[in-house]
Amino acid sequence: MQAIEKTLIDTNWITLLFLFLFTCVFLLKGLSHTRLKGTVSSFVNNTFVKAEVEEKTSFFSLFQCIIFVFTMSVLSLVIYKVLLFYDFWKSQDFSNYIKVLSIVSSYFLIKRAIEFVFSYLFVIQKQVRFFIISKAIYLYSTAFFLLISLVLVQYSQLNIPFLIYFSIFVFSVRFLLHVIINKKLVFSELFYFILYLCAFEIAPLFILFKWMF
């Protein structure tokens with residue numbers, strides 16, 4: 001009886017989390033249906049990305065804050081489920097999810113702050129603005145696709161390996177699209193782009209995994 005009761009509790013907090021995530025989507029739609037639709041469809045509509053760059057929206061706007069929280073919550077749930085699948089934890093515990101959420105959110109916030117500081121110090125804000133904003137929009141778009149896969153895994157016969165392969169596929173598409181839309185900057189400054197990948201993308205991930213494992 002104890003094992004069954006524990007499973008019900010775990011399912012309840014995950015269900016509540018999904019409710020929170022869909023509430024975020026509802027709020028985003030209320031704030032700006034156009035921006036929400038553009039973000040979700042940015043994989044096939046790069047004109048929205050260009051429009052967002054020209055609009056110069058603040059990172060601290062309500063829309064940006066909500067979609068950032070939404071994205072961090074989704075990514076953290078994906079990581080949590082993958083770690084649970086590989087027996088990193090012995091049971092589904094909300095406190096473990098909060099730990100993942102804290103680490104993932106801190107990682108992205110610190111990385112964003114460092115990118116801003118370096119672009120300011122080297123006076124290259126205009127050159128890298130499109131690169132940074134397009135990367136963020138594609139990340140937000142990725143979160144919506146991952147949310148769908150999470151719901152399917154939670155409430156259907158699909159399993160965690162599907163979530164893993166789907167996540168790898170979506171992030172691969174995101175990376176390719178980001179390189180393509182920034183191809184002029186990437187190939188004209190290939191050395192610095194590779195340096196950027198090592199310093200801001202690959203190295204922090206190694207540190208993140210070291211913290212978690």
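Biologist: Where is Val-100 found?
Modeller: Val-100 is in helix α5. This is a predicted model: local features need pLDDT of at least 70, side-chain atom pairs count only at pLDDT 80 or more, and totals for chains, interfaces and linings use all residues. Residues are numbered from 1 along each chain as its sequence is written, and side-chain values use heavy atoms, with hydrogens and water left out.

Biologist: Why does Val-100 count as buried?
Modeller: Buried means under 20% relative accessible area, exposed means over 50%, and partly exposed lies in between (1.4 Å probe, protein chains only). Val-100 has 1% relative accessibility, so Val-100 counts as buried. In space, Val-100 and Ser-73 are 9.3 Å apart, C-alpha to C-alpha, though 27 residues separate them in sequence.

Biologist: How many helices and strands does the protein chain have?
Modeller: The protein chain has nine helices and zero strands. Along the sequence the pattern reads α-α-α-α-α-α-α-α-α.

Biologist: What makes α4 largely enclosed?
Modeller: 18 of its 24 residues are buried, so α4 is largely enclosed by the rest of the structure. Val-78 is in helix α4. Val-78 is buried because its relative accessible area is 9%, below the limit for that term.

Biologist: Which residues does Val-78 touch?
Modeller: Leaving out residues up to four places away in sequence, Val-78 touches Leu-146, Leu-150, Leu-163 and Ser-167. Contact means heavy atoms within 4.5 Å. Val-78 and Leu-147 are 69 residues apart in sequence, with their C-alpha atoms 8.7 Å apart.

Biologist: How do you know what length to expect for α4?
Modeller: The expected span is 1.5 Å times one less than the number of residues. α4 has 24 residues, and 34 Å is expected. From first C-alpha to last, α4 reaches 35 Å, which is close. Asp-87 follows α4, and its phi is positive, near 60°.

Biologist: What about α7: how does its span compare with what its residues should give?
Modeller: The 22 residues of α7 should span 32 Å, and its end C-alpha atoms are 31 Å apart, so the two agree. Buried residues in α7 include Ile-160, Leu-163, Ile-164 and Ser-167.

Biologist: What makes a set of residues a nonpolar core?
Modeller: The members are buried Ala, Val, Leu, Ile, Met, Phe, Trp, Tyr and Cys residues, joined through side-chain atoms within 4.5 Å. The largest core here has 39 residues; Phe-70, Val-74, Leu-77 and Phe-108 touch the most other members. α1 (2-31), α4 (62-85), α5 (94-121), α6 and α7 each supply at least two residues of this core. α4 gives the largest share, 13 residues. A second, separate core has eight residues, among them Phe-48, Tyr-138, Val-170 and Ile-181.

Biologist: Which residues is Val-74 in contact with, leaving aside its neighbours within four places in sequence?
Modeller: Val-74 meets Leu-21, Ala-143, Leu-146, Leu-147 and Leu-150, apart from its neighbours within four places in sequence.

Biologist: Why is Ser-42 called buried?
Modeller: The relative accessible area of Ser-42 is 0%, so Ser-42 is buried. Ser-42 lies in the loop between α2 (33-40) and α3 (46-55). Neighbours within four places aside, Ser-42 is in contact with Val-49, Ile-137, Tyr-138 and Ser-141.

Biologist: Is Phe-131 buried or exposed?
Modeller: Phe-131 has a relative accessible area of 6%, and therefore is buried. Phe-131 lies in helix α6. Its C-alpha is 6.4 Å from that of Asn-182, 51 residues away in sequence.

Biologist: Why does Leu-158 count as partly exposed?
Modeller: Leu-158 has 34% relative accessibility, so Leu-158 falls in the partly exposed class. Leu-158 lies in the loop between α6 (125-155) and α7 (160-181).

Notes
Helices (H or I, at least four residues) and strands (E, at least two) are DSSP runs, numbered from the N terminus.
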